[in-house]
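Subject: Handover of a structure and its findings

Dear colleague,

Please find below the structure that I am handing over to you.

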Amino acid sequence: MDQDLANEPATQAAPSGRGGSAKTKAFWRRIRQPLAQSRFVKNAIASLFAQFVRFVRLTNRVVDGSARFSGGAYAQFEPGIIALWHGQHLLTPAYYPKRKPLVAMVSRSADAELNALMLEKFGIEAVRGSGGRENARHLDKGGAKALIALKKSLVAGKNVAMIADIPHGTPRDAGLGIVLLARLSGRPLLPVAITTSRRKVLEKSWDKTTINLPFGRSSIVIGAPIFVPSDADEAEMERKRLEITTALNAATAEAYRLVDGPR
């Protein structure tokens with residue numbers, strides 16, 4: 001009987017703990033979807049992201065040898081198409097000059113909505129679509145509309161920014177969508193890389209997303225402009241796709257070298 005009494009509290013406590021845990025999970029499942037759909041919650045998260053990116057910018061000294069988005073040798077190529085890699089683009093809004101018009105293409109996926117909201121915090125206009133297709137002749141309706149919007153922005157004298165590689169495709173390998181925009185607009189592609197000396201690479205993410213951290217050094221590299229002829233055929237488009245791929249990878253390597261030193 002003493003043994004039974006000794007076991008009784010544990011026997012009674014176990015169901016209570018399991019029930020509490022189950023109730024917590026059930027509660028979270030009920031509120032998770034409304035939270036994900038809440039404009040207020042999304043704006044709050046986007047604001048936090050924007051403040052973090054600004055903090056990273058403020059606490060990372062730009063090293064000698066870095067490029068500038070405004071003035072200098074690149075002014076003659078504006079408006080231009082800023083080409084970036086997936087997962088390496090997160091600092092761009094904080095380093096792009098204030099009050100200088102910029103329109104950025106952002107994926108239409110639900111996950112990318114936070115990215116679009118964050119861009120708004122920096123005064124950057126977001127165009128929703130996906131332009132990094134493998135076959136530029138078969139853009140989906142949304143991607144085609146986004147490219148048209150970006151072309152109109154370039155005609156209006158605004159720079160545009162576009163991710164070069166295809167979402168969930170081969171990382172750091174440009175699609176034809178960005179090459180098509182250059183051909184249609186006649187404006188140059190500008191390969192851009194921005195990084196910091198302190199960073200965390202999410203190795204398990206498909207694009208090896210880089211989380212840049214404060215209290216280090218930063219660098220900006222802008223490669224030589226790449227023009228795509230208006231009469232470029234499929235073979236020439238492929239050559240230009242390979243050219244922007246090589247240029248972006250070279251810019252990324254140089255940005256790392258500037259902050260990390262020779263290895």
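How many nonpolar, polar and charged residues does the lining of the second largest pocket have? The lining has twelve nonpolar, three polar and six charged residues. Here Ala, Val, Leu, Ile, Met, Phe, Trp, Tyr, Cys and Pro count as nonpolar, Asp, Glu, Lys and Arg as charged, and the others, Gly among them, as polar.

Please note that this is a predicted model, in which local features need pLDDT of at least 70 and side-chain atom pairs count only at pLDDT 80 or more, while totals for chains, interfaces and linings use all residues. Residues are numbered from 1 along each chain as its sequence is written, and side-chain values use heavy atoms, with hydrogens and water left out.

The pocket

The second largest pocket has a volume of about 550 Å³. Of the 21 residues that line this pocket, Ala94, Tyr95, Tyr96, Pro97 and Lys98 are the closest to its centre. On a 1 Å grid over the protein atoms alone, a pocket is an open set of points with protein on both sides within 12 Å along at least five of seven lines, a cavity is a set of points where a 1.4 Å probe fits but cannot get out, and lining residues have an atom within 4 Å of a point. Grid points are joined across faces, edges and corners, and a volume is the space filled by probe spheres set on the points. Helix 3 (92-95) gives the most to the lining of the second largest pocket, namely three residues. Helices (H or I, at least four residues) and strands (E, at least two) are DSSP runs, numbered from the N terminus.

Helix 2

Helix 2 (residues 39-58) has 20 residues and reaches 28 Å from its first C-alpha to its last, close to the 28 Å expected at 1.5 Å a residue. The expected span is 1.5 Å times one less than the number of residues. In this helix, Lys42, Ala46, Ala50, Val53 and Val56 are buried. They lie on the same side of helix 2, because they cover an arc of only 120° around the axis; the arc is that of the directions from the helix axis to the C-beta atoms. Phe40, Leu48 and Leu58, on the other side of helix 2, are exposed. Buried means under 20% relative accessible area, exposed over 50%, and partly exposed in between (1.4 Å probe, protein chains only).

Helix 6 and the core

In helix 6 (177-185), seven of the nine residues are buried. Gly186 follows helix 6 and has a positive phi, near 75°. The largest nonpolar core has 28 residues, of which Ile81, Leu150, Ile178, Leu181, Leu189 and Ile244 touch the most other members. Helix 6 supplies the largest share of this core, five residues. A nonpolar core is a set of buried Ala, Val, Leu, Ile, Met, Phe, Trp, Tyr and Cys residues joined through side-chain atoms within 4.5 Å.

The cavities

There are three cavities of 30 Å³ or more. The largest cavity has a volume of about 80 Å³, and its lining has six nonpolar, one polar and one charged residues. The second largest cavity holds about 50 Å³ of space, and its lining divides into four nonpolar, six polar and no charged residues.

Yours sincerely,
A colleague
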